[in-house]
Amino acid sequence: MIKWKKTTYPSTFIKLSDELAKVRSMLSSNVYNKNTEKYRGNQEHSISQLGIFAELIGRHLMENNKGIRYKAAPLIEERPVVEADLIMEGIGELYYIDVKGVKSEGNTLRVNFKAHNNPKKKITHYLFIQPLNSIYARFCWFTHEQVSKWTVVMSTYTECYELEIPKNN
């Protein structure tokens with residue numbers, strides 16, 4: 001059973017993430033083109049939009065929890081950056097968080113296999129965010145070690161770790 005928590009978010013995040021995804025897709029077009037293993041096909045915009053949307057909600061969660069100190073990676077860069085989306089101060093340690101968007105109708109949590117195992121990308125936790133409607137989303141946390149134990153499957157373009165979201169969860 002996945003331990004979900006529910007949150008609200010500003011409805012402006014929907015349009016904002018759409019606008020930012022257009023820019024992000026243009027800037028990274030040489031990285032995610034047809035001749036690379038990172039190619040996303042005609043899903044490029046929707047994947048970028050969902051990722052940015054999730055990152056905005058992740059920042060919103062941090063801001064709404066008084067006392068949490070964190071640093072966020074830029075939403076837009078000339079080239080994709082290999083770093084955590086959020087770095088949160090814990091008690092005597094830092095948490096390096098990779099934020100992952102899950103489609104509203106999605107029934108799995110996924111993490112790219114190569115990115116997860118990239119020694120240059122320091123990640124301690126994953127924050128999965130799934131929009132439920134235009135003002136509510138749900139989220140859950142997993143450690144890097146927990147994700148390492150998930151099933152490895154081949155997605156549309158690449159291998160990934162996958163955990164099925166149980167029905168009625």
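Guide: On helix H1, the face turned away from the buried side carries Thr-12 and Met-26, both exposed. This is a predicted model, in which local features need pLDDT of at least 70, side-chain atom pairs count only at pLDDT 80 or more, and totals for chains, interfaces and linings use all residues. Residues are numbered from 1 along each chain as its sequence is written, and side-chain values use heavy atoms, with hydrogens and water left out.

Visitor: Which residues of H1 are called buried?

Guide: Phe-13, Ser-17, Ala-21, Arg-24 and Ser-25. Buried means under 20% relative accessible area, exposed over 50%, partly exposed in between (1.4 Å probe, protein chains only). Down the axis of H1, the buried residues fall within an arc of 95° (taken from the directions from the helix axis to the C-beta atoms), so they line one face. They pack against helix H2 (44-64), where contact means heavy atoms within 4.5 Å.

Visitor: Why is the pair Tyr-9 and Phe-13 called stacked?

Guide: Rings of Phe, Tyr and Trp (its six-membered ring) pair if their centres lie within 6.5 Å; planes under 30 degrees apart count as stacked, over 60 as edge-to-face and the rest as tilted. The centres of Tyr-9 and Phe-13 are 6.4 Å apart and their planes are at 15°, so the pair is stacked. Both residues are buried.

Visitor: What makes Lys-6 sit over the ring of Tyr-136?

Guide: The rule asks for NZ of Lys or CZ of Arg within 6 Å of the ring centre and within 35 degrees of the ring normal. The charged end of Lys-6 is 4.8 Å from the centre of the Tyr-136 ring and counts as over it.

Note on methods
Helices (H or I, at least four residues) and strands (E, at least two) are DSSP runs, numbered from the N terminus.
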